[in-house]
Amino acid sequence: MNELVTAITTGLAAFTATNIDDLVILTLFFSQVNKTFRSRHIYIGQYLGFTALVLASMTGFFGGLVVPSNWIGLLGLMPIATGLSRLLNKESDCVESETVVAEKSAIASFISPQTYSVAAVTVANGSDNIGIYMPLFANSTWESLLIILGIFFSLVGVWCYAAYTLTRLPAINQVITPHSSTVVPFVLIALGAFIVWESGASILITLVASCLYLTWLILAKNSGQSPEMEN
C-alpha cells in the first residue's frame, strides 16, 4: 500500500514539476486552432512527443546508455524551424478557402505535418525532462513504473484539456487569440534558442558551422576563387 501511495505521489509531483511550462505552450497552440490546425493535432502531437520522451527515459530503467545532454539540446532546432516556418507562411495560414473540406480521418491527423510540428515542440521543450525521468525510472520497480506511467499519460490529457479550457475563457481569449499568430512564432523561436543555449548544444552548432565554413574556403581555393570574389 505504501509503495502504491509513493508511486502515485511521485508520478504527480514529477509530471507537474517538469511540465508546468507546457501549459503555456499548449494554450498558445489551442489559441491558433483553425480549419487546417485542429485540436486533434495538438492532442495527438502532445501524446506522440511525450511518448518519445518517455521511451528515451526508459534507458534509465533498463540500464542503457545515457544520451549526452548537448546532443538532446539539438532538438531545440525544431521549435526554431517551426517558428520560422510560421512567420514565413503567415499569410497562407490566415487566408483559407471557404470550400474546404470534410473532416480528416484519425489516421490522416496522426500523420499530418501539424501533428508532428506539435510533437517536435513537445520533445524539444521536454528534452530536459529526460534527465529527471531517467533516474526516477531507474529506481522504480515494475509495479511502480507502470503506476507512474499511467499517471503521466493521464495527466497529458488533463494538461491538454486545461489548456483548451483556458483559451475558452473570455479574458484570456481576448488577450491571446487576436495576437496568437504573431506571438507564437517568436515564442517558439525563443524557446528553441533557450533549449540550445541551456544544453550547451550551441557549441556543437558552432563547431559544425566552422567545419562547413572551412570546407567552403578549401573548395573556393581549389576552384581558383577567393571568398571575396564570390560577390
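In this predicted model, helix H8 (residues 130-138) packs against helix H9 (residues 142-167) at an angle of about 145°, and their axes lie 10 Å apart. Two packed helices are described by the angle between their axes and the distance between the axes; here the axes are lines fitted to C-alpha atoms, for helices over the stretch in contact, and angles run from 0 to 180 degrees between N-to-C directions. The crossing of H8 and H9 is right-handed, where right-handed means that the near helix is turned clockwise from the far one by less than a right angle, and left-handed that it is turned anticlockwise. H8 contributes Tyr133, Leu136 and Phe137 to the contact, and H9 contributes Leu145, Ile148, Leu149 and Phe152, contact being heavy atoms within 4.5 Å. By class, this contact has seven nonpolar residues and no polar or charged ones, with Ala, Val, Leu, Ile, Met, Phe, Trp, Tyr, Cys and Pro counted as nonpolar, Asp, Glu, Lys and Arg as charged, and the others, Gly among them, as polar.

Residues are numbered from 1 along each chain as its sequence is written. Local features need pLDDT of at least 70, side-chain atom pairs count only at pLDDT 80 or more, totals for chains, interfaces and linings use all residues, and side-chain values use heavy atoms, with hydrogens and water left out.

Ala162 lies in H9 and is partly exposed, because its relative accessible area is 29% (buried means under 20%, exposed over 50%, partly exposed in between, with a 1.4 Å probe and protein chains only); Ala162 and Leu23 are 139 residues apart in sequence but 7.7 Å apart in space, C-alpha to C-alpha. Thr167, also found in H9, counts as buried because its relative accessibility is 2%, and its C-alpha is 5.9 Å from that of Ser31, 136 residues away in sequence.

Helix H7 (residues 113-125) has 13 residues, which at 1.5 Å a residue should span 18 Å, and its end C-alpha atoms are 18 Å apart, which agrees; the expected span is 1.5 Å times one less than the number of residues. H7 is mostly covered, with eleven of its 13 residues buried, including Val118, Ala119 and Ala120.

The protein as a whole has twelve helices and zero strands, helices (H or I, at least four residues) and strands (E, at least two) being DSSP runs numbered from the N terminus. Of its 231 residues, 36% are buried.

The average pLDDT, the predictor's confidence in each residue from 0 to 100, is 74, and 65% of the residues score at least 70. Among the elements, H9 has the highest mean pLDDT (92) and helix H5 (residues 90-94) the lowest (48). Over residues 91-104 pLDDT stays under 50. Where pLDDT is low, the predicted coordinates should not be read in detail.
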